[in-house]
Amino acid sequence: MAGEIRGLCKSYTEELLEKWVHSTNPECVMKESLDYIKDSCSSELMTIMSTKNSTHEWEFTLITESMLFAVALLQDTHRNHFELSGILYREISKDPNSQYLRFDLKNKQEWTHKNDLQFMPCLKEYKVKVIFKTDIFGTFRQSVVFNFGMEPVLVKHICVDVMPVTDLEKINELKKEIVLSNIDRWNSGNSNIIPFTSHLTCITPSYGDTESSWAKTLSNMYPCPRPETFALSQTTVTERKLTRHNYKARIHELLYIEEMARYEQIALYNLKARLRIAESYVLAPNSNASSTAKYSNSGELFALIKLGKDLSEDTSAGRLILNNCTSVLISPDTEVSDGKPKVYECLIEDKGKKVIYLRLSARAVVDLKLISDTEFQAQVQFQLNRIPYCEWHFAVDKISDLKVIYPETYLEPNIPWSPQRQWSDGLDARLNLKQKEAIVAITTPLYLPLPPILIIGPFGTGKTFTLAQAIKQLILQQDNRILICTHSNSAADLYIKDYLHPYVESGHVEAKPLRIYYQKRWVATVHETVQKYCLIDLNGSSRSFRIPT
């Protein structure tokens with residue numbers, strides 16, 4: 001890597017950013033902590049200043065046996081407010097009081113070591129100073145990267161909020177509304193959490209997809225926000241508009257605020273419940289399908305929780321939990337005299353209208369002495385599935401060109417239509433004039449510049465019907481590729497059952513869709529017609545959904 005740094009035509013910063021943007025796993029490129037480096041900073045990474053003419057300094061101390069090859073400031077937006085002011089080095093393994101060597105800093109934005117620099121294999125200490133200066137109010141962010149000759153490199157994110165005292169008062173008032181209680185919620189700090197493990201799964205299911213470590217990587221990249229340490233930036237309070245300059249930072253903040261609010265709402269419904277322990281249970285998928293039994297394996301058991309009227313599928317609170325929680329934490333409903341309580345993670349296996357079925361690990365069964373066909377009094381805390389939030393954060397960070405979000409709008413969009421296209425025999429006779437116009441817009445050839453088509457209408461105005469007819473028209477062109485995304489499984493299945501399946505059955509095999517389901521969804525709960533368009537693996541007597549390549 002050292003040779004690459006010296007020989008590149010692009011700057012080190014440009015090369016690193018390009019590699020990060022195109023990486024399928026950004027944590028392999030940059031991480032906020034590395035096992036082989038002991039790091040500390042002279043001041044908080046995020047700070048607030050109340051005078052317009054402000055300066056601030058961070059001094060990073062890095063102790064490692066590795067050689068420092070490069071230091072760089074990554075972000076362009078506020079680059080003129082940050083600069084590297086000094087890099088010091090000394091060897092401390094032989095003499096802890098040895099003198100520092102100062103490196104020459106010709107470029108205040110990035111430093112790379114010279115060819116003639118020689119380092120002996122020993123314990124080293126580096127001190128890197130970063131200075132911030134401004135004469136305007138605003139929120140200023142920067143990322144400092146330290147390259148020790150291998151990937152991932154070490155990155156530290158710093159932020160300065162410079163604001164008038166009046167804005168500071170507004171932020172403090174807002175924080176009172178946003179900062180949420182963390183009372184009595186089990187976490188690794190106050191409890192001994194036993195994660196769910198199984199011979200049948202390779203990692204903890206609370207990370208979402210048990211077949212991949214990607215979800216765990218996302219969770220590490222975007223840690224769970226803690227109300228007591230969450231810092232609200234000035235832009236959220238003072239800048240009314242969302243712009244291409246504040247877009248990423250503000251969306252990240254809003255996502256963290258929403259996640260904390262969701263946690264708070266879900267915590268309101270933590271409960272003490274009598275769990276019914278069972279080796280198996282029967283769940284009727286729907287009125288059109290036969291009942292199916294599930295059996296426990298490998299020392300595991302199931303537990304049934306009956307939901308009260310406040311948590312049924314018919315209430316907003318019930319839908320919040322049923323749709324957003326994939327696991328729970330349970331603990332015996334007994335007082336803990338001393339030490340941390342031991343709590344067990346359990347997977348939510350199935351959800352009914354007024355019942356939840358939990359999957360208990362073999363460890364929990366043994367530790368809690370659980371026996372089938374008995375009841376167990378427990379405290380239950382629902383756990384939010386964080387992965388969607390982490391995916392949203394990741395999507396925001398992966399936007400390499402904000403023109404996707406803020407396109408150039410100097411061109412007046414012109415939808416090219418003609419009576420011949422409007423009243424084509426190929427269009428469904430039930431379409432009204434506005435619906436036909438929408439289809440003409442959607443099916444306009446790609447070489448004609450049009451913005452995304454947004455169809456707005458209240459319930460019952462035929463939005464789904466219009467989109468389905470547009471899809472049929474697009475399918476007629478062999479090279480088209482169509483992705484349909486919905487907010488619910490039932491909406492996605494509707495396109496197949498009501499529109500695409502009948503169209504395929506009438507002889508249009510080119511319209512055959514691929515329906516993608518969550519891998520852990522029970523196949524029997526999906527409509528038989530929809531199953532025909534899914535990828536399903538047969539494992540003995542059981543069936544499971546498969547994700548396409």
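**Close-up views of a predicted model**

**Figure 1. Helices α6 and α7 pack against each other.** In this predicted model, helix α6 (residues 247–267) packs on helix α7 (residues 316–324) at an angle of about 115°, and the two axes are 10 Å apart. The crossing of α6 with α7 is left-handed. From α6, Arg262, Gln265 and Ile266 take part in the contact, and they meet Leu320, Ile321 and Asn324 of α7. By type, the residues of this contact comprise three nonpolar, two polar and one charged.

**Figure 2. Buried residues of helix α7 and the elements that cover them.** Which residues of α7 are buried? They are Ala317, Gly318, Leu320, Ile321, Leu322 and Asn324. The cover over the buried residues of α7 includes helix α6 and the strands β17 (325–332), β18, β19 (355–360) and β20.

Figure 3. Asn246 belongs to the loop between α5 (234–238) and α6. With a relative accessible area of 5%, Asn246 is buried. When residues up to four places away in sequence are not counted, Asn246 touches Glu239 and Lys241.

**Figure 4. The largest nonpolar core and the surroundings of Leu370.** The largest nonpolar core of the model contains 38 residues. Those with the most contacts inside this core are Leu275, Ile277, Val328, Ile330, Leu358, Leu360 and Leu370. What does Leu370 contact, leaving aside its neighbours within four places in sequence? The contacts of Leu370 are Ile277, Leu301, Leu360, Ala364, Val365 and Phe376. Another core lies apart from the largest one; this other core has 28 residues, including Met49, Leu62, Phe146 and Leu154.

Figure 5. The structure holds 17 salt bridges. One of them joins the side chains of Arg90 and Glu125, with a distance of 2.9 Å from N to O. Arg90 is part of strand β6 (residues 82–91) and Glu125 is part of strand β9 (residues 124–134); the two residues are 35 residues apart, and their pairing links distant parts of the chain. Are Arg90 and Glu125 buried or exposed? Both Arg90 and Glu125 are buried.

Figure 6. The side chains of Lys294 and Glu349 form a salt bridge with an N to O distance of 3.2 Å. Because Lys294 is in strand β15 (residues 292–295) and Glu349 is in strand β18 (residues 342–351), this pair ties together parts that are 55 residues apart in sequence. The relative accessibility of Lys294 is 16%, so Lys294 counts as buried. Glu349 has a relative accessible area of 21% and is partly exposed.

Figure 7. The closest N and O atoms of the salt bridge between Arg363 and Asp367 are 2.7 Å apart. Why are Arg363 and Asp367 separated by about one helical turn? The reason is that they are four residues apart in helix α8 (residues 362–367). In general, an α-helix has 3.6 residues a turn, so residues three or four places apart point the same way. Arg363 is partly exposed, with a relative accessible area of 40%, and Asp367 is also partly exposed, at 30% relative accessibility. Among other residues, Glu59, Lys127 and Lys129 are joined into one network by salt bridges that share partners.

Figure 8. Most residues other than glycine have a negative phi, and most peptide bonds are trans. The peptide bond from Glu151 to Pro152, however, is cis, with omega near 5°. Pro152 is in the loop between β10 (138–147) and β11 (153–162). Ser298 has a positive phi, near 55°, and its place is the loop between β15 and β16 (301–306). At 38% relative accessibility, Ser298 is partly exposed. Lys369 likewise has a positive phi, near 55°. The loop between α8 and β20 (375–384) holds Lys369, and at 68% relative accessibility Lys369 counts as exposed.

Notes. Residues numbered from 1 in each chain as written. Predicted model: local features only at pLDDT ≥ 70, side-chain atom pairs only at ≥ 80, totals over all residues. Heavy atoms only, no water. Core = buried A, V, L, I, M, F, W, Y, C linked by side-chain atoms within 4.5 Å. Buried < 20%, exposed > 50% of the residue type's maximum accessible area, 1.4 Å probe, protein only. Contact = heavy atoms within 4.5 Å. Salt bridge = Lys/Arg side-chain N within 4 Å of Asp/Glu carboxyl O. Axes fitted to C-alpha atoms, helices over the stretch in contact; angles between N-to-C directions. Left-handed = near helix turned anticlockwise from the far one by under 90°. Nonpolar A, V, L, I, M, F, W, Y, C, P; charged D, E, K, R; others polar.
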